[in-house]
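Dear colleague,

I am handing over the structure we spoke about, and it is placed directly below. My notes on it follow, and I would be glad if you read them with the coordinates open.

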Amino acid sequence: CENKPQPVRVWVDGCFDIVHFGHANAVRQAKQMGNYLLVGVHSDAEVSKHKGPPVFTQEERYRMVRAIKWVDEVVEDSPYVTTLDTLDKHRAHFCVHGDDITTTADGQDTYHLVKTAGRYKECKRTEGVSTTDLVGRMLLVTKSHHQRDTDTMAIKTETELGHNTRSPWTGVSQFLPTSNKIVQFSEGKEPKPGDRIVYVAGAFDLFNVGHLDFLEKVAAEGNYVIVGLHTDPVVNRYKGANYPIMNLHERVLSILACRYVSEVVIGAPYTVSDNLMNHFKIDIVCHGQTSIMSDVNGEDPYAIPKEQGKFKLLDSGNLLTTKTIIERIINHRLHY
Ligand code: CTP
Ligand code: C5P
């Protein structure tokens, strides 16, 4: 028999609450260290015990991690402290984590066992994005709406984030986007002849399981999915307040990490024009059940694909929106 090299099985684990492109970037780097990537995701009970209750349920978190295109397998309910038994059970050679220390409720390094055994490698943590940071941004969005609500006033957004963080359209982002990062996240695949090309446009702010359910339906409509991301001012026009929470560059990375997305239009026009339809050879344009706001001229942004008989409304079956995520976070905080 041939002497085939054994595939290198890499293990990553975490809470993956409010999945963001920092998580995706860690997973991407881990995948590059081997051939097969296993991601252990902690249960709600385990996260609650060590970190406090998560915003997203374990089922939602498992689904979000499975949708990251570099993930080969999700291991549900993995222990908070990574044990050698866990690695062995899944035939993982080593474990990868970002270059920051994670501790248990008792202050113990969660990776002390794998570190001692020499089965631990580090990847570079993505600066400027974290679950804590996103929660801060979300609370900032609501601030003006809750000024007279004494309960919510207890949320320390102002003191936590300072007074100079109020600029519109995610002026609070500390992330430095580069062309290199976009290339690393890109699929780099052109549509093949005969591919059925599907186009969707939107904000895709705080990419979440609602978007994911939608994109799964979208992917079933064809075999090449192009996502048009609206610019920050366009999103702000139709979502209002301090939306979007993530700026265009961040939203690009989040959506590129999703396995159902083939290509992204960075700053798509709000109205789907004839020109856009022809340029990308779009077969079908889809939208979910959320309302469709008219363009500045009062026109329906989907008038052209509708006239061409190339428009389809889909039902993601999921009512989650950025607003409901914010509500969950506020309810959460009020419990402390
Ligand atoms: N991670 C990263 N860059 C970030 C955030 C997380 O590389 N900006 C990595 C972590 O180092 C870890 C993996 O993502 O290897 C999953 O970790 P998880 O436990 O979900 O994240 P936290 O480190 O708690 O991230 P956050 O602060 O965003 O909650
Ligand atoms: O709101 P946003 O512009 O991010 O939505 C992008 C697309 O995802 C829209 O077509 C919207 O209808 C769809 N969506 C959905 N189900 C959700 C959230 C969004 O179908 N829960």
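Which residues of the largest nonpolar core touch the most other members? In this predicted model, that core has 82 residues, and those with the most contacts to other members are Val12, Val27, Val39, Val65, Val227 and Ile255. The largest share of the core comes from helix α6, which gives 6 residues. Taking Ile255 as an example, and leaving aside residues up to four places away in sequence, one finds that Ile255 touches Phe204, Phe207, Val227, Leu229, Val261 and Val264. As general background, nonpolar side chains tend to be buried together in soluble globular proteins.

As for the overall make-up, the protein has 336 residues, of which 39% count as buried, and its secondary structure comes to 15 helices and 10 strands. Of the contacts between residues at least 6 apart in sequence, 79% join residues that are at least 24 apart.

Turning to the strands, 5 of them form an open sheet with parallel pairing, in the order β8-β7-β6-β9-β10. The edges of this sheet are β8 (263-266) and β10 (311-313), each of which pairs on one side only, and the twist from one strand to the next averages 25°. Within the sheet, β7 (residues 224-229) pairs with β8 in the parallel sense over 4 bridges, and Gly228 has Val265 in β8 as its bridge partner.

Finally, a word on Ser130, which is placed in the loop between β5 (120-123) and α6 (131-142). Ser130 and Asn208 are 78 residues apart along the chain, and their C-alpha atoms are separated by 15 Å.

With best regards

Notes
Residues numbered from 1 in each chain as written. Chains lettered and ligands numbered in written order. Predicted model: local features only at pLDDT ≥ 70, side-chain atom pairs only at ≥ 80, totals over all residues. Helix = DSSP H or I, 4+ residues; strand = E, 2+ residues; numbered from the N terminus. Buried ≥ 20, exposed ≤ 12 C-beta atoms within 10 Å, placed from the backbone. Contact = placed C-beta atoms within 7 Å. Pairing = 2+ DSSP bridges. Axes fitted to C-alpha atoms, helices over the stretch in contact; angles between N-to-C directions. Core = buried A, V, L, I, M, F, W, Y, C linked by C-beta atoms within 7 Å.
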